[in-house]
Amino acid sequence: SQTDLRQTFFTDELYSMQKIPFLSNIFNCLFSTGTSDPFIKFKLDGKNIYKSKVVNKNLNPIWNELFSFPIRDLDQTLHLKVYDRDLRSNDFMGSSSFPLNKLELDRIIPLTLPLEDPNSVETDMGVIILENFNRARNFCLWLRLSDALKQSMISKKNQVWTGIYTVILVEGQDMPDCGQGDIYVRLRVGDQRVRSKNLCIKANPQWRESFDFNHFQDAQENLMLEVCCKRGRKSEECWGVLDIDLTRLPVNQRQLYTCVLDPNKGKLVFLVTMTPCSGASISDIQSAPLDNLKTLQETQEKFRLMNCLRDLKDVGYLQIKLIKATDLPSTDISGKSDPFCTLELGNSKLQTHTVSKTLNPEWRTALTFPIKDIHDVLVLTVYHDDGDKAPDFLGKVAIPLLTVSNGQQITRMLKNNNLSRTTKGSITLELNVLYNPVRAGLKTFRPKETKFAEDNPKFNKKLLARNIYRVRKISMAILYTLQYIKSCFHWENTQRSITAFLMFVVTVWLWELFMLPLFLLLLIGWNYFHITPGMASYSQDLVSSLFFLSFQESEKKGLMEKIHMIQEIVLTVQNTLDEVACIGERVKNTFNWSVPFLSFLACLVLFLLTAALYYIPLRYIVLVWGVKKFTKKFFSPYAIDNNEILDFLKRVPSDVQKVRGQRQGRNSLKMSALFALTEFPSVTQDISSGCV
C-alpha cells in the first residue's frame with residue numbers, strides 16, 4: 001500500500017548511507033500516435049540501476065513503483081530511456097536526462113522531462129511525467145544527504161586538516177562461509193574513500209590493513225564502513241553498513257570496535273586512532289613559514305638526525321611557493337581563462353584561489369604539507385574555474401620529493417593528464433623539503449599508503465599495449481642474459497668462456513652466504529660509478545618519447561591495421577596465460593598422481609636427489625653440474641640443448657589435455673564396441689545370452 005511505502009521510505013535507517021530515492025510512484029508517459037508496450041530503464045554512471053515493468057498496449061501507461069539507489073557524488077546525470085517491448089527486439093522510443101547537482105537538500109523538485117530521439121523525424125516524442133504521493137503532475141526526486149556528505153562539503157571549504165584518523169581493519173567474525181566469491185570493505189570519512197583488498201569468502205577473513213583519513217578543523221565527521229560480497233562480475237551484495245561517530249574519539253588512544261552487521265552476516269572488528277597533525281597551511285607568499293627564522297630553526301630541530309626515534313610517522317616537511325603560471329591555453333570565448341591550481345601529495349590535497357580573466361595568473365601563495373613518505377610525488381594540476389560546471393583541465397606537473405633542490409626557483413612545462421607529452425603553458429614555483437633520513441628509511445620498509453578510491457578503471461587499448469610492451473622489454477632483457485650465459489657454455493668467444501669458467505669454479509669453491517648481498521652491493525656500486533643520473537634520465541625520456549611517438553603513428557593506421565594490432569595483443573596475452581596455466585596445472589598433476597608412471601618417476605628422482613644432498617655437499621654437486629655444462633661442447637659438439645625439468649613437465653598433461661583425453665577415450669570405447677557388435681555377431685549373441 002502507499003502508506004506502507006511511505007513509512008518504509010521515510011525512515012532514518014534508509015538515510016544511513018547517502019541515497020537518492022527516486023519517488024516514482026506514478027509515471028505517466030504521453031506518446032503522440034500508435035500503440036506500444038512501454039517500459040523505462042534508469043541509468044546512472046553508465047550502469048542500469050532500475051528497469052520498470054512493462055505496461056501492455058497503452059499510450060498513457062501508469063507505473064505504481066518505487067525504488068532507491070545509493071550514489072557517491074552529485075556530479076552525475078540520471079538518464080531515462082523509454083523502450084517498446086517487441087518479441088524480436090526492444091524499440092527505442094526516446095530518452096531524457098537530469099543532472100543530480102540540480103537537486104536541493106530535503107526538497108521535492110517538480111519537473112517534466114521531454115523525450116528526445118535524434119534518429120527520429122518526429123519532433124514531439126512525448127514527455128515523462130512523474131507524480132508524488134499527492135498525485136501532483138510532476139517529476140519528483142527527493143534528495144537527503146547523509147551526515148558524511150554534509151561534512152565533506154564543509155571540509156572542501158576548509159582545506160587544512162588538523163589530525164589523522166588511522167583505521168586498522170582487523171578481521172571479520174562469524175561471517176557466512178558459503179559459496180565462492182570475494183568479500184571486501186569500503187571505508188569513507190567525508191569525501192575520502194578507500195577500499196580494502198578482496199578476500200575469499202570464509203567465516204573469519206583477516207584483512208590486517210591500515211588506512212589514514214584527514215581530520216578537518218570544525219568538521220563533525222563519521223566513519224562509514226560498508227561490507228560487500230561480490231560473486232561473479234555483476235552480482236554484489238551488501239552485508240551491512242556501519243556508521244561510527246568520530247567526534248567523541250579520544251586523542252592518541254586506540255579504540256577497538258566489534259560491530260554487528262546485518263542478521264546472519266557476522267561481525268566486523270577494527271581499530272580507530274585519532275592523532276593530531278600539524279604542518280598543513282595556506283598563506284601569502286610573504287608569510288611563508290620557513291621564511292621565519294624561528295620557524296625554520298624549530299623545523300630543522302624537529303627533523304634532526306638525533307631526533308630520529310621521536311615520531312616515526314612524521315617523516316618531513318614540504319613548503320611550496322607557488323608563484324605564477326604563464327601562457328596557459330584559453331577556454332573562454334574572450335580568449336581568457338579563470339585558472340586555479342590544486343596540489344596533491346599522497347592523499348593530501350590543497351587548492352589555491354582563482355585568478356579571473358588571465359592566461360598568466362600570479363597566485364603568489366605559500367602552501368605546506370607534512371610528509372608521510374619521502375617517495376611521494378607532488379602533483380600540481382591547473383584547472384579553469386567554470387562556475388557550477390566541472391573545471392576544465394589545463395595542465396599537470398609531477399615532481400618527486402627526492403629530486404627537489406631546496407630554495408631554487410624552477411619553471412616546469414605543463415603536461416597532459418597522463419604526463420606523456422607537454423602541452424601549452426608553464427608553471428613557476430620554489431620548493432623546500434626538510435626530512436629525517438632515518439624515519440624516511442624505516443618508512444620505506446612499511447606498507448605504502450592506500451590511495452583514495454577513484455572511478456572504476458575502464459579498458460584502454462593503448463594502456464594494454466603499453467603494459468605488454470613493458471613486459472616484453474623485461475622478458476627480452478632476461479632472454480638476452482640467458483643467451484649470453486649460453487654463449488659462454490658454447491664457447492662462442494674463447495676468452496670470455498675461459499674467464500666465465502674460472503669465475504664459476506672459484507665462486508662455487510669459495511661460496512659463502514654473505515657473498516650474495518656483497519655481490520648485489522658491488523653491482524649497485526658499479527652502476528653508481530658508471531651511470532650518470534643525467535644520462536639515465538635522458539635515456540628514459542628518450543625511450544618514453546619514442547614509445548609514445550609509436551602510439552601516435554599507430555593512430556594514423558587504417559582500421560584493418562588497428563584490428564590486426566588488437567588481435568596480436570590479445571593473442572599474446574592468451575598464449576602467455578595458457579603457458580603459465582599449463583605449467584601450474586602440470587606441477588599439480590604431478591603431485592596428485594594423474595599419470596602414475598610420471599609421478600612414480602618423480603618420486604624416484606626426488607629420492608635420489610635427497611640421498612645425494614644428504615651425503616654430498618651442495619657445492620660439489622653445483623661444481624660438477626657447471627663443469628659438465630662448460631665441457632659439453634667438447635664431448636658432444638652437436639648436442640641439442642634441453643632443460644630436464646621443463647622436458648619432464650611437458651609430458652605431464654594439463655587439465656585441458658586430461659579432459660580431452662577422457663573424451664577421446666570414451667569415443668574410442670564406443671567405436672570399439674560398435675565394431676565388435678557389427679563384425680562379430682556371435683559375440684553379440686553370447687552377450688545377449690549372458691555367456692561372456
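Colleague: Let's start with K230: where does K230 lie?

Modeller: K230 sits in strand 16, which covers residues 222-231. Strands here are DSSP runs of E with at least two residues, helices are runs of H or I with at least four, and both are numbered from the N terminus. Keep in mind that this is a predicted model, where local features need pLDDT of at least 70, side-chain atom pairs count only at pLDDT 80 or more, and totals for chains, interfaces and linings use all residues. Residues are numbered from 1 along each chain as its sequence is written, and side-chain values use heavy atoms, leaving out hydrogens and water.

Colleague: How do I read accessibility, and what does K230 count as?

Modeller: Look at the relative accessible area: under 20% is buried, over 50% is exposed, and in between is partly exposed (1.4 Å probe, protein chains only). K230 has 29% relative accessibility, so it counts as partly exposed. For the protein chain, 35% of the 692 residues count as buried.

Colleague: Which residues is K230 in contact with, leaving aside its neighbours within four places in sequence?

Modeller: A contact means heavy atoms within 4.5 Å. On that basis K230 touches G181, D182, Y184, S235 and E236, with neighbours within four places in sequence left aside. Over the protein chain, 64% of the contacts with a separation of 6 or more join residues 24 or more positions apart.

Colleague: How many helices and strands does the protein chain come to?

Modeller: The count is 14 helices and 28 strands.

Colleague: Now helix pairs. At what angle do helix 5 and helix 6 cross?

Modeller: Under 35 degrees is roughly parallel, over 145 roughly antiparallel, 65 to 115 roughly perpendicular, and the rest oblique. Helix 5 (residues 461-489) and helix 6 (residues 494-510) cross at roughly 95 degrees, with axes that come within 8 Å. Helix 5 and helix 6 are therefore roughly perpendicular. Y484, S487 and C488 of helix 5 meet R496, S497 and A500 of helix 6.

Colleague: And how do helix 6 and helix 11 pack?

Modeller: Their angle is about 170 degrees, with the axes 9 Å apart; helix 11 spans residues 618-635. That makes helix 6 roughly antiparallel to helix 11. The contact includes F501, F504 and W509 of helix 6, and Y620, L623 and F630 of helix 11. By class, this contact has 12 nonpolar, two polar and one charged residues. Nonpolar means Ala, Val, Leu, Ile, Met, Phe, Trp, Tyr, Cys and Pro; charged means Asp, Glu, Lys and Arg; the others, Gly among them, are polar.

Colleague: Which residues does UniProt list for "transmembrane region"?

Modeller: The unreviewed UniProt entry lists residues 501-529 and 597-616. Such annotations may be inferred rather than shown by experiment. In the model, residues 501-529 are 86% helix and 0% strand, with end C-alpha atoms 27 Å apart. Residues 597-616 are 95% helix and 0% strand, and their end C-alpha atoms are 28 Å apart.

Colleague: Last one: where is W491 found?

Modeller: W491 is in the loop between helix 5 and helix 6. Its phi is positive, about 55 degrees, although W491 is not a glycine. W491 is partly exposed, with a relative accessible area of 22%.

Definitions and conventions:
Axes are lines fitted to C-alpha atoms, for helices over the stretch in contact, and angles run from 0 to 180 degrees between N-to-C directions.
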